Structure formats: C-alpha cells, structure tokens
Amino acid sequence: MIHRVRRVVLTVALLITASALAQQPNVEANPQTPPPATTTATTPAPIPAPEAAPAPAPVSPDDARLADIVKIVKSGISESLIAEQIKQSGLAYKLTMNDLLYLKQNGVQDSVISALLATKAEEAKKAAAPPAETAFNELLLVKGWGPLRRERPGRLVLKNGTFSWIDGADPKENFDFQVPGLEKVWYTCQAQTAGDVCYQINFQIVKGPRYSFADVSRATGSNATVKSVMETMRRNFPRAPFGASDH
C-alpha cells in the first residue's frame with residue numbers, strides 16, 4: 001500500500017515537471033542559428049529643388065534714343081499712337097541685338113519694335129529712289145571731231161530716266177534722249193602725269209546719234225561735273241550699258 005502511494009506521487013511529480021519544461025521556449029534547440037536580424041526601413045534622401053535661373057543683367061542700348069522710347073511706353077500712351085509717331089518722325093533706327101534685348105527687358109511691345117525696325121527699310125527705300133530731277137551745269141555739248149569740233153554751253157537735266165539738254169544760247173538746240181534707249185555709256189579720258197583725267201562723257205543711242213558732253217573746267221584739270229553725271233548714272237541705273245573709256 002505504501003509503495004503504491006509513492007509511485008503515484010512520483011508519477012504526478014514527473015508529469016508536472018515535464019509539463020513545465022514543455023511550456024518553456026526551446027532557446028538552445030539550435031545554438032548555431034543566429035537570432036533573426038532586425039530590418040530597419042531606410043528613408044530615401046530628398047531630391048533638392050532646382051535652383052531658380054538668375055535674372056538677366058540689365059542691358060544698355062547701343063542707340064541712346066531708345067531710352068526715350070521706353071519712357072513713352074511706360075507713360076501709358078497706347079502702342080498704336082507710339083508706332084504712328086515713330087513713323088511720322090522721319091528718324092531711322094538701326095536696331096542691334098543689344099537694342100532689342102533692352103527694349104524687351106523694358107516691356108516695349110512688339111508692334112512698337114516693328115515700327116522701329118521699319119524705319120530702316122524706309123530709309124533704304126528713300127536712298128534707293130532716284131531724285132525727281134537732277135541738273136548738271138557747267139557742261140559743253142560737243143559736236144564733231146578734230147577741226148570740225150564745236151562746243152555749245154548748257155546744262156543736262158535727268159528726270160525719270162530722261163536726259164534733257166538745255167542749250168545755253170538757243171532753245172532750238174534743246175533735245176531729249178532716254179536712258180533705256182542707250183547702247184553704251186563711257187568716258188573719254190586724257191593721260192596726265194597724275195593719271196588719266198576723264199573730261200568727257202558719251203552716250204550712244206541704239207541705232208541713233210551719239211551725244212558727248214565735256215566738262216567746262218577740263219582745261220584746269222577739273223572733271224567734277226562729268227564725274228557727277230557718271231556717278232548718278234551708276235547709282236540710279238546700275239544695269240545701264242557702261243563701256244570702257246577711250247583716249
């Protein structure tokens with residue numbers, strides 16, 4: 001009887017011990033396995049905001065008159081009135097890149113800038129247009145050659161592509177000829193120590209007469225009037241049939 005009680009007590013004690021051990025974590029079950037590593041979430045570095053572009057440095061105009069245009073624009077006057085005033089002023093503006101930057105930096109409208117640019121084209125048009133009438137005084141109309149050479153004083157007038165000879169003594173000697181009807185235009189020159197002096201200008205009409213005009217002051221070595229006639233021809237009629245000089 002006593003032995004049976006002891007066995008029961010021992011059995012219960014063993015069961016209690018085994019139950020307690022089963023409830024503890026088996027830390028040493030695998031001593032070679034390291035404890036799980038703790039992962040730390042990494043926050044990405046912030047992207048820096050782009051730097052603002054520096055403001056362009058103020059530009060000074062090459063044409064100082066543009067400062068007055070800027071003042072007028074900033075006064076509040078309408079751009080159409082400013083553009084019209086620029087057109088009527090008769091002044092020419094040859095705007096450089098520096099001038100354009102200056103105008104844009106100061107808020108000048110495109111219509112005003114266009115009006116300024118147009119003044120250059122208008123000036124070029126006026127320069128290209130031949131004058132209404134050009135008179136060349138101090139000329140001699142030359143007729144004949146050698147001992148038959150005769151000279152009549154007068155003036156030559158160019159108007160709208162027509163040359164008119166105004167005789168200094170007899171209106172009956174007046175005549176006209178057309179630039180489009182010319183076959184050849186050339187100088188007659190004379191060799192001198194300082195070089196050739198072209199004292200006479202000649203016009204050959206297509207299937208027509210030849211007209212020659214000498215400078216009144218050729219005896220003193222001057223040929224200013226004859227040169228002026230030729231330069232006017234070259235400037236206003238660059239496609240005229242210019243020929244080589246003769247002596």
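Two strands are taken to pair if DSSP finds at least two bridges between them, and the legends below apply this to a predicted model.

**View 1. Strand β6 and its pairing with strand β5.** Strand β5, spanning residues 182-192, is joined to β6 by 10 bridges, and the two strands run antiparallel. Within this pairing, A191 stands opposite D196 of β6. Strand β6 itself covers residues 195-205 and is mostly covered, since nine of its 11 residues are buried.

**View 2. The disulfide between C189 and C198.** The structure holds one disulfide, which joins C189 to C198 with an S to S distance of 2.0 Å. The torsion about the S-S bond of these two residues is about 85°, so the disulfide is right-handed. With a relative accessible area of 4%, C189 lies under the 20% limit and is therefore buried; C198, at 13%, is buried as well.

**View 3. A nonpolar patch on the surface.** Together, I72, I77 and L81 form a nonpolar patch on the surface, with about 260 Å² of accessible area among the three of them. Of these residues, I72 is found in helix α2, which runs over residues 66-74, and I72 is partly exposed, with a relative accessible area of 34%.

Terms used
Residues are numbered from 1 along each chain as its sequence is written. This is a predicted model: local features need pLDDT of at least 70, side-chain atom pairs count only at pLDDT 80 or more; totals for chains, interfaces and linings use all residues. Side-chain values use heavy atoms; hydrogens and water are left out. A disulfide is a pair of cysteine sulfur atoms within 2.5 Å. Buried means under 20% relative accessible area, exposed over 50%, partly exposed in between (1.4 Å probe, protein chains only). Patches are made of residues with over 30% relative accessible area and no salt bridge: like charges are joined within 9 Å, nonpolar side chains (Val, Leu, Ile, Met, Phe, Trp, Tyr) within 5 Å. Accessible areas come from the Shrake-Rupley method with a 1.4 Å probe; for residues, only the protein chains shown count as cover. A salt bridge is a side-chain nitrogen of Lys or Arg within 4 Å of a carboxyl oxygen of Asp or Glu. Helices (H or I, at least four residues) and strands (E, at least two) are DSSP runs, numbered from the N terminus.
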